[in-house]
Structures are given as C-alpha cells and as structure tokens.
Amino acid sequence: MPIIEKRAGVRGVEANLRDYAATVASFSWSAARAELDGLPGGGLNIAHEAVDRHARGPRAATVALRCLGRTSAGGATRELTYAELSVQSNRFANALRTLGVGKGDTVFALTPRVPELYVAALGTWKALALFCPLFSAFGPEPIETRMRLGAARVLVTTATLYARKVAPLRAKLPALQAVLLIDAPAGAATEAGVHSLPDLLARASPDYVVPSTSADDPALLHFTSGTTGTPKGAVHVHGAVLEHHVTGKLALDLRAGDVFWCTADPGWVTGTSYGIIAPLTNGVTSIVDEEDFDAARWYSTLEAQRVNVWYTAPTAIRMLIKAGPELAHRYRFPALRFAASVGEPLHAEAVIWGHEVLGVPFHDNWWQTETGGIMIANYASMDIKPGSMGKPIPGIVAAIVHQRADGEVETVDAPDTVGELALKPGWPSMFRAYLGQDERYRKCFRSGWYLSGDLARRDADGYYWFVGRADDVIKSAGHLIGPFEVESALLEHPAVAEAGVIGKPDPTVLEVVKAFVSLRAGYEPSEALNRELVAHARRRLGPAVAPREIQFLPSLPKTRSGKIMRRLLKARELGLAEGDLSMLEPEPAAAPR
Ligand code: ATP
Ligand code: MG
C-alpha cells in the first residue's frame with residue numbers, strides 16, 4: 001500500500017504538530033499544563049477549562065455548540081456561545097446545589113444529542129459530581145444496570161424517555177432522587193421527584209464559583225462498548241482535561257475558530273472526550289447532529305457547515321463507501337482540512353478512499369474507554385502508512401509486550417513482532433477504576449505496564465499496526481492470524497462492504513479462518529462470488545492465512561457504537577451461548593446491502 005506523503009500538513013496548512021520527533025523529545029505534561037488556565041485558587045476543573053476561561057476572554061461570543069435538530073422535529077439549529085454555555089452550566093450547577101447534589105453524587109443523562117446534554121455535563125463538572133451519559137437508544141436493561149452500579153442520584157432526560165424507559169424501573173433505583181426533564185414546560189405539574197429542567201434553570205442564579213477541584217477528583221463514568229463481554233464502568237478524573245486538550249491540538253489538529261464535527265454520541269467515550277471536552281478547551285465551534293447516520297445528510301452537513309476537522313468511525317466510513325462515490329461527488333468539501341477515525345481498525349482502502357473522494361485521507365487513531373483520550377495517532381504532518389494506527393502521542397510511552405512464564409511481562413523491541421499493546425501508566429486521562437470491579441482493574445496492570453488487551457506490532461519506523469483483540473486472534477497451524485489482516489484483504493475486493501473474521505476449531509490445525517461478509521450495493525451472494533473472494537484472499541494472504549470458508553450475511557452484528565461483534569459471530573457459528581447482548585445493535589428492518 002503506498003505511503004501518503006505529507007510535506008506541509010494537509011491541504012497546505014501547517015499542522016499544530018510540525019515535527020513529530022522533535023515534539024516527542026521536548027514534550028512534558030507539566031509544560032503542557034501551562035496551556036491550561038487552572039482555577040483561580042488552583043486546581044483543574046474540566047468545565048472551567050472548557051468554557052469559563054473562554055467565556056471571560058476574546059472567545060466569549062464565539063459559537064461553542066451548533067446543534068442541528070431532527071428533521072422530523074422541524075430541523076431547527078440551536079446555537080450556544082461560550083458565554084451562554086458558561087452561564088447555562090452555572091445555572092445547572094446551582095440547580096444541583098438546590099437539590100442538595102454535589103461532590104460524591106452521580107448525575108446520569110439519557111437524552112438525544114441536544115444542547116441540554118452539554119449544559120448538564122458541564123454543570124455537573126462544576127458541581128464536582130460524577131457525570132455518566134447514556135446512549136438514548138438503550139433499552140431499560142442496560143439503563144438499569146448502569147444506573148444501579150453508578151448509584152444514580154439525578155437523571156437528566158426527556159419526558160418520553162422517562163415514561164418509556166425509566167419510570168417503570170424507579171422502584172429498583174433507590175438512590176435516584178431527582179429526574180430533570182429537559183422538555184417539561186416550566187411550571188408543569190409533575191410527579192414527586194420529577195422536575196422541569198427549564199423551570200429549575202430559570203430559577204437558578206447565573207453566577208457560580210467553581211469550587212476548588214483536584215486533578216484527581218472523579219468527573220466521568222463511562223461504560224466500555226461491550227464488544228468482548230459485559231461493559232465495564234471506567235472512572236475518569238478532572239485532570240484528564242489536560243490529555244483531551246493536548247490530543248485535540250496535536251492529534252486532531254484543532255485550532256481556535258475551527259468548525260469541528262465529532263460524530264460520536266456522548267454515550268461513548270469519544271463523544272465526551274472529543275465531542276464535548278477537547279473541542280471546547282481548544283476554542284472551536286462544534287457541530288452536534290441529533291439525527292442518526294444518513295449518508296446524504298452527512299455529506300451535506302460537511303459541506304454546508306464548512307467543517308474543517310472531522311472525527312468519525314470506521315463503521316460510518318464503511319457505510320459511506322457502501323453508498324457509492326456518486327453520492328459523495330454531489331458535494332464539495334473545500335473547507336475540510338483534517339479527517340480522523342477511531343473505534344475499530346481502519347483498513348487501508350478506507351484511508352485512501354478518504355484521500356480520493358473527500359480530498360483528505362482518514363487519520364486513524366487508537367485508544368480505549370480506559371485510556372480516556374487518544375494514545376496512538378496519525379498526525380497531520382506525518383506520512384501515513386495506510387492501515388497503521390500511527391505513533392504514540394508525545395508524552396505517551398507505548399510498547400509491545402510479551403508475558404513470561406512467571407506471569408510478568410517484558411517489552412519486545414524487535415520490529416514487527418506481534419505482542420500485547422501496553423502503555424506506561426500515569427498519563428493524565430488514565431482511568432482510575434472499573435466501578436465495582438477492583439480486582440479486574442488491578443489485573444490491567446502488570447510489571448509497570450497497563451495492558452490493553454489488544455495485539456499489535458511496531459514496525460522499524462515506529463508505526464503501530466493493529467493485529468486484533470487478544471480474544472479474537474486466531475491460532476492456525478502454528479500461525480497467529482489477526483482478523484484485521486484478513487478482513488482488510490477482503491475489503492479490498494469491490495464487492496465487499498463489511499467483513500468479520502473468526503477462528504473455527506479444527507482437529508488438525510487448531511483453528512481455521514472463517515469470514516463473514518456483507519456486500520456492497522449492486523452485488524448478490526453467489527457460489528461464484530464466494531469462490532472469487534476465497535481466491536482473492538489466497539492471492540493476497542497465502543493459503544495458510546486466507547479464509548477457508550466465507551459466509552454472506554446481509555449485515556454483520558454490531559454493538560450500538562458500531563463495532564463488529566466477532567464473539568457473537570463465533571458463538572452463533574459454534575452454537576455456543578451468545579453472552580451479554582445488551583449492547584447489540586438491533587438489525588435494521590430492511591438491511592441495506
Ligand atoms: P469492551 O471493552 O466492553 O469489550 P470495547 O473494547 O469495544 O468494548 P471501547 O473502549 O469503546 O470498548 O473500545 C476500545 C477498543 O476498540 C480497543 O481496545 C480496540 O480493540 C478497538 N479500537 C479502537 N480504536 C482502534 C483503532 N484505531 N484500530 C483498531 N482497533 C481500535
Ligand atoms: Mg475494551
């Protein structure tokens with residue numbers, strides 16, 4: 001795959017990070033901290049860094065959030081400047097105070113992507129309570145488990161979501177004291193413990209002094225995606241804002257005045273770290289779209305909002321590719337300077353597709369709910385090797401490690417050796433707990449390393465390449481086969497829209513490779529196509545690694561955050577128990593193919 005060379009950033013604009021090696025050599029977290037403000041009495045509070053300091057400076061009147069409403073609800077756009085967001089979140093923090101809610105309490109949100117969600121997040125941080133955003137499409141079961149585990153004291157939601165999903169659970173949520181309805185008109189009579197948020201905000205004072213906050217004070221509770229099993233609740237602290245700010249600037253190339261669109265819902269860590277915090281600390285205008293994915297709407301949003309920096313996910317990119325280049329070519333993106341992707345491996349074809357169709361390549365980056373922020377990235381100024389996750393963020397120490405027989409781990413320095421991807425603990429946004437699972441948390445750390453559970457390799461130039469999740473790696477006839485390599489090869493074929501690869505037990509070679517494939521528009525499953533795909537994979541990968549079997553599916557099972565659930569493909573193939581399905585995305589009624 002050809003390297004995409006960058007001479008002077010992307011589209012001739014010089015990147016924030018100009019020289020990777022020099023930045024790594026000179027970087028220190030304490031020096032980076034000077035770019036933040038700090039509370040007047042000392043300490044670090046996310047909301048202060050994100051809005052208040054801008055609200056008191058030259059960016060007060062800049063639009064912080066531009067929220068595009070659902071077409072079915074009139075499609076109105078609602079904007080909040082930094083000054084307005086500061087005042088609204090002050091009011092929210094004061095409203096919590098009147099309810100007796102503060103440090104040590106948890107505020108949950110279950111709302112669509114509307115301004116109130118962002119106000120609630122920032123107001124909760126000002127009040128030093130723990131914020132936990134839930135994806136609004138969750139059913140009652142995942143809502144109940146999370147709210148019980150997090151001991152939810154307050155819930156911010158809509159009247160409909162409350163009536164449909166939470167009211168029936170109230171008896172099981174003894175800690176839940178107040179429900180704040182974002183759409184209940186002021187003064188509307190409601191049941192005990194249920195309040196109108198507009199009413200509370202209108203009555204609350206617009207002035208608020210953020211209390212002293214330590215960088216170690218808990219700020220966020222985020223659940224993992226549930227790709228490999230039951231989701232874990234990762235706790236993050238206020239000090240994480242330093243990481244968000246730095247990575248927003250260096251890995252996403254954000255600069256004040258940019259229009260930035262992060263497509264993730266705040267119910268996933270990306271939608272909070274890079275949908276709320278990083279863009280605000282960097283002084284940009286964030287686009288928030290309440291509507292779900294729709295290829296034409298997304299292209300038209302990129303064009304009409306003149307988005308400069310775009311952060312999205314492989315599943316969305318695959319859907320855009322599936323929708324065909326003709327649709328993309330109806331739009332123009334002259335403002336787009338930088339595009340990035342996270343959440344799943346991004347195959348090389350998608351990187352190049354971005355380059356050809358949008359005019360900018362996708363910059364893949366890697367991180368996890370646990371890491372709180374981007375850890376490995378492709379930078380605007382650095383040549384891209386399509387298919388690679390890039391290099392560690394300045395200030396982050398990454399390594400490939402092997403486990404020894406005595407259980408300790410050691411780093412593997414020889415290039416291109418597959419091992420577990422590990423990070424040196426202590427980065428500012430490192431998770432501080434798996435809520436209610438202390439032992440599991442401790443097990444993530446060994447011999448002075450945080451173990452990610454992902455397998456990767458580092459090449460001689462220092463680029464990291466994702467191989468697969470440790471759970472998904474296939475062992476066949478003495479080879480270790482990463483599903484990503486096989487899936488990427490299949491995705492090079494013009495008929496293939498999505499691919500998921502598993503190991504199927506085999507008496508002779510331990511496991512054989514089986515691939516599940518969904519097809520792009522215009523292709524139909526057939527024996528001939530099946531044979532053609534096997535032959536294509538054999539040519540690309542050799543017979544030992546190529547899939548032995550390919551099965552066509554209308555679409556692949558995914559988590560609600562859009563990740564292919566290989567464990568479910570495997571369980572179904574082998575007739576095993578399907579495990580925790582609370583995060584399984586419901587099948588589309590008429591599955592597009
Ligand atoms: P769970 O931990 O509940 O099984 P999850 O690991 O999918 O779910 P997240 O924290 O949302 O939950 O996702 C992090 C994981 O996503 C990473 O560990 C990795 O496996 C995958 N991932 C994220 N970004 C990339 C990337 N750029 N390339 C490859 N894989 C990625
Ligand atoms: Mg995980």
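I take helices (H or I, at least four residues) and strands (E, at least two) as DSSP runs, numbered from the N terminus. The model is predicted, so I note that local features need pLDDT of at least 70, side-chain atom pairs count only at pLDDT 80 or more, and totals for chains, interfaces and linings use all residues. Residues are numbered from 1 along each chain as its sequence is written, and side-chain values use heavy atoms, without hydrogens and water.

**Strand S14**

I looked up S14 (residues 362-366) and found five of its five residues buried, so the strand is largely enclosed by the rest of the structure. Buried means under 20% relative accessible area (1.4 Å probe, protein chains only). In a regular strand the side chains alternate between the two faces of the sheet. Here Phe362, Asp364 and Trp366 point one way, and His363 and Asn365 the other.

**Its neighbours**

I count strands as paired if DSSP finds at least two bridges between them. S13 (residues 338-341) runs parallel to S14, joined by three bridges. Ser341 stands opposite Asp364. On the other pairing, S15 (residues 376-377) is antiparallel to S14 over two bridges, with Ile376 opposite Trp366.

**Ligand 1**

I then looked up the polar contacts, which are pairs of N or O atoms within 3.5 Å. A nitrogen atom of ligand 1 is 2.7 Å from a polar backbone atom of Asn365. An oxygen atom of the ligand is 2.7 Å from a side-chain N or O atom of Ser225.

Which element gives the most to the shell around ligand 1? I found that S14 does, with three residues.

Note on methods: Chains are lettered from A and ligands numbered from 1 in the order in which they are written. Buried means under 20% relative accessible area, exposed over 50%, partly exposed in between (1.4 Å probe, protein chains only). A polar contact is a pair of N or O atoms within 3.5 Å; within protein, one must be able to donate a hydrogen and the other to accept it, and residues adjacent in sequence count only if both atoms are side-chain atoms.
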